[in-house]
Amino acid sequence: MKARTVRLWSVIHTWTSLTSTLFLLLLCLTGLPLIFHHEIDELLGYAPRPEAHASAAPATLQVVADAALAADPGRVLQYVSWDKDEPGIVMAFTNSAPDGAPDNATVRAFDAVSSRLLGPVGVGPMLIVLKLHTDMFAGQAGKLFLGAMGMLFAVAIVSGVVLYWPFTRRLRFATIRDRPSRRVRWLDWHNLIGVVTVAWALVVGLTGVVNTWAELMLSQWKATELASMVAPYAGKPPPVHLASLDHVVACAKQAAPGMEVAFIAFPGTPFTSSHHFAAFMRGDTALTARLLKPVLLDGETGEVADARALPFYLQALLISQPLHFGDYGGTPLKLIWAALDGLTIIVIGSGLYLWLARRRKRAPAGSDSFARRAPASS
Amino acid sequence: MMHGSSDRARLWIRVFAAPILLAAATVTGLLAALLWGTVGQYVAWVTVGAPVAVVAGVWVSHLTQKT
């Protein structure tokens, strides 16, 4: 590789890294506690626990829905959802209107057997950490901005791999040179940690970028697939009396055999039409539990109106989520995720240090020190 | 010429063999936990954890050499 090519890649690596450094550090630092948010919420008392019941039958869903409405007078139900890892809990989302903004929604957990209110969900310090991580309290603009930083991160990784060759070709793999210069030692650590974590960092970075596009993808799905699903019902008024939630669930399960309900969107909410319930069904394997299938049901009768698989881009979004969160391989994988996150912080920090050290070294002479230390062309 | 290019290929393999193996292991592990249930989880712990183990190993050996 010629010295000029190396210089070009070095400029790309330096500036894509520097531009995104501050935000990547924010993402890595907030991402670290988010890996363990279930555990932290439990520790701080923000995780509702189901009551102990000796093989009691679950309450009807309509009873739970009524309890949710009673707990939030004057508001409406938007969604009812189930966590596959917490079968004893039903979560209810209430808002000021069916199409109310997500930030105005209140999520409460109810016991699936007694229908008793167990407490609020998604509150406490982890909510602040989550908001910082996803949009920095700047809404959709913040999400898209962080997505752009993620793209820069990906370019920095690729350019780092390109530069790995000229900087390490004379060294054995994993060499940390024992030199008096701290800069050389950190350069070796930066190269080693960067190159061994490259696949993980790219996967987590790019799936994070995909997640920032979630709302755009949902808008696209609503404008195309959902619009075509509800087209035959155009002009139908919103239901006067809603079908029983238990009947809706039974009909949805019939339409998607072998699947269970992940969540139900009430008529008028962003995930369905003004006249239909939408039941989002999931499978029971690690993969199919992520791939939801929407079933559209008449709001008054509960009859199935349509059911079809999500388009590829929403399936990609759903698969990208576990690959970003690292929450699909038990506690050991979470610990490994945390260690890799820590290593990424070291790579970012050492990169910043190397840039500052190079500037300090270059300043007195006014010459380009990179040219001095750039490897010979090969 | 032939000799030079084969040297270069050998050098390239020496530099990139370990990173490519680790990257392949990581991707395999990330997908295994998603596709192969409990067995996949065990595979993921080993393969996704491999880069962490390499860095830890180098760090320990660096510390040992110093002392």
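**View 1. Pairing of strand 2 and strand 3 in chain A.** In this predicted model, strand 2 (residues 89-95) and strand 3 (residues 106-111) of chain A are joined by six bridges and run antiparallel. Within this pair, Ala92(A) lies opposite Arg108(A) of strand 3.

**View 2. The hairpin of strand 3 and strand 4 in chain A.** Strand 3 and strand 4 of chain A run antiparallel and are connected by three bridges. One of the facing pairs consists of Ala109(A) and its bridge partner in strand 4, Gly119(A). Five residues lie between the two strands of this hairpin, and Ser115(A) adopts a positive phi near 60 degrees there. Ser115(A) is not a glycine, yet its phi is positive. The residue sits in the loop between strand 3 and strand 4 of chain A. Is Ser115(A) buried or exposed? Ser115(A) counts as buried because it has 20 C-beta neighbours inside 10 Å.

**View 3. Strand 5 of chain A between strand 1 and strand 6.** On one side, strand 5 (residues 260-265) of chain A pairs with strand 1 (residues 76-81) of chain A in the antiparallel sense, over three bridges. Here Ser81(A) stands opposite Phe263(A) of strand 5. Strand 5 of chain A also pairs with strand 6 (residues 276-282) of chain A, again antiparallel, over five bridges. In this second pairing, Glu260(A) is set opposite Arg282(A) of strand 6.

**View 4. Surroundings of Phe266(A).** Phe266(A) occupies the loop between strand 5 and strand 6 of chain A. This residue is classed as buried because 24 other C-beta atoms lie within 10 Å. Which residues does Phe266(A) contact, leaving aside its neighbours within four places in sequence? The contacts are with Leu77(A), Gln78(A), Tyr79(A), Pro98(A) and Phe277(A). Leu77(A), Gln78(A) and Tyr79(A) are among these contacts, and strand 1 of chain A covers residues 76-81. Leu8(A), by comparison, is 258 residues from Phe266(A) in sequence and 54 Å away in space, C-alpha to C-alpha.

**View 5. Helix 5 of chain A and its bend.** Helix 5 of chain A contains 30 residues, and its first and last C-alpha atoms are 43 Å apart, close to the 44 Å expected at 1.5 Å a residue. At Val162(A) the helix bends by about 25 degrees, and a proline, Pro166(A), follows within four residues. The buried residues of helix 5 include Leu146(A), Met149(A), Leu152(A), Phe153(A), Ile157(A) and Leu163(A). Gly150(A), Ala156(A), Ser159(A) and Gly160(A) are also among the buried residues of this helix, as are Pro166(A) and Thr168(A).

**View 6. The loop that holds Ala174(A).** Ala174(A) is located in the loop between helix 5 (139-168) and helix 6 (182-196) of chain A. Its phi is near 70 degrees, a positive value in a residue other than glycine. Ala174(A) counts as partly exposed because it has 19 C-beta neighbours inside 10 Å, whereas a residue is buried if 20 or more other C-beta atoms lie within that distance.

**View 7. Contact between chain B and chain A.** In the predicted model, 24 residues of chain B are in contact with 29 residues of chain A. On the chain B side, helix 1 (2-35) and helix 2 (37-66) are the elements that give two or more residues to the contact. The residues on this side comprise 19 nonpolar, five polar and no charged.

View 8. Chain A holds twelve helices and eight strands. Along the principal axes, its C-alpha atoms fill a box of roughly 80 × 45 × 35 Å. Of the 378 residues in chain A, 33% are buried. Among the contacts in chain A between residues at least 6 apart in sequence, 66% connect residues at least 24 apart.

Terms used: Residues numbered from 1 in each chain as written. Chains lettered and ligands numbered in written order. Predicted model: local features only at pLDDT ≥ 70, side-chain atom pairs only at ≥ 80, totals over all residues. Pairing = 2+ DSSP bridges. Buried ≥ 20, exposed ≤ 12 C-beta atoms within 10 Å, placed from the backbone. Expected span 1.5 Å × (residues − 1). Bend = angle between axes of the 7 residues up to and from the residue. Contact = placed C-beta atoms within 7 Å. Nonpolar A, V, L, I, M, F, W, Y, C, P; charged D, E, K, R; others polar.
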